[in-house]
Amino acid sequence: MPALSIDSVSHSYGARRALVDIGFSVEPASFTALLGLNGAGKSTLFSLITRLFGIQHGRIGIFGHDIARTPGEALRLLGVVFQPRTLDLDLSVTQNLLYHAALHGIGRRDARARSQEVLARIGLADRSGSKVRDLSGGQMRRLEIARALLHRPRLLLLDEATVGLDVKARADILEHVRRLVAEQGIGVLWATHLFDEIGANDDLVVLHQGRVLAKGKVARVIADAGGSDINTAFMRLTGSAVPGGGQQS
């Protein structure tokens, strides 16, 4: 059973079609990169999966639970890190986690134990009492990942999670997330426009102007597009290239 299944999903903002009949799946214990330029439809898709937007056409399932019909069961299995930061800067690291745990109905004693567990897993145990505003950008992102793991989801969505981070912080975040896949068996959907965040063994979905142009293992997508690497494959598929080979400016 897929961790996430997207079946014939379309979404429009008035006359503008943001997603057009897209479909793909994310398997448990796998890392799937959703590659697309800004405006490709990645954030719209995340808003549909998390029910910030209602589904207009198609079906989305999380471990077999239809998010439109049984949203409670589906969303309990889902953790999310959105692109904008949503931490309370004036609270401590632990206070942010306890507040989020309360929203999930987790008792205070269990919440403290889980907070210690996720902070250790994400390498922030020594900063549990620090105010969030005193953390680096990379540490804030790791805290958001820890927060998303508090209710022990089986699927994790990350929307442009490394935006604004330096090269080392980006690499650290990727390493942490890939470790979650390997050690915890979590399915991950990683939305990005950066080619160098995609590994050779990842599953890949290329989203462009609201349409899925390719999906499958990275090597297969490159070969089918007639490219020599992800950059050239993406350019052949879309007619577009990101300046600097996918690096942020």
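Predicted model: local features only at pLDDT ≥ 70, side-chain atom pairs only at ≥ 80, totals over all residues.
1. A word on terms before we start: two strands count as paired if DSSP finds at least two bridges between them. Helices (H or I, at least four residues) and strands (E, at least two) are DSSP runs numbered from the N terminus.

2. Residues are numbered from 1 along each chain as its sequence is written, and side-chain values use heavy atoms, with hydrogens and water left out.

3. V81 has L158 of β7 as its bridge partner.

4. Is β7 covered or open? Five of its five residues are buried, meaning under 20% relative accessible area with a 1.4 Å probe and protein chains only. L155, L157 and D159 point one way, L156 and L158 the other, and all are buried. In a regular strand, side chains alternate between the two faces of the sheet.

5. There is also an open antiparallel sheet of four strands, in the order β2-β1-β4-β5. Its edge strands, β2 (16–26) and β5 (65–66), each pair on one side only. Between β4 (residues 57–62) and β5 there are two bridges, and G61 has D66 of β5 as its bridge partner.

6. Helix α1 (residues 42–49) lies across β1 (4–13), β2 and β4, at about 115° to β1. Contact here means heavy atoms within 4.5 Å; axes are lines fitted to C-alpha atoms, for helices over the stretch in contact, with angles from 0 to 180 degrees between N-to-C directions.

7. Finally, the largest pocket has a volume of about 300 Å³. A pocket is an open set of points on a 1 Å grid over the protein atoms alone, where a 1.4 Å probe fits, with protein on both sides within 12 Å along at least five of seven lines; lining residues have an atom within 4 Å of a point. The volume is the space filled by probe spheres set on the points. Of the 14 lining residues, L78, V80, F82, H100 and H104 are the closest to the centre. β6 (78–81) gives the most to the lining, with four residues.

How values were computed
Buried < 20%, exposed > 50% of the residue type's maximum accessible area, 1.4 Å probe, protein only.
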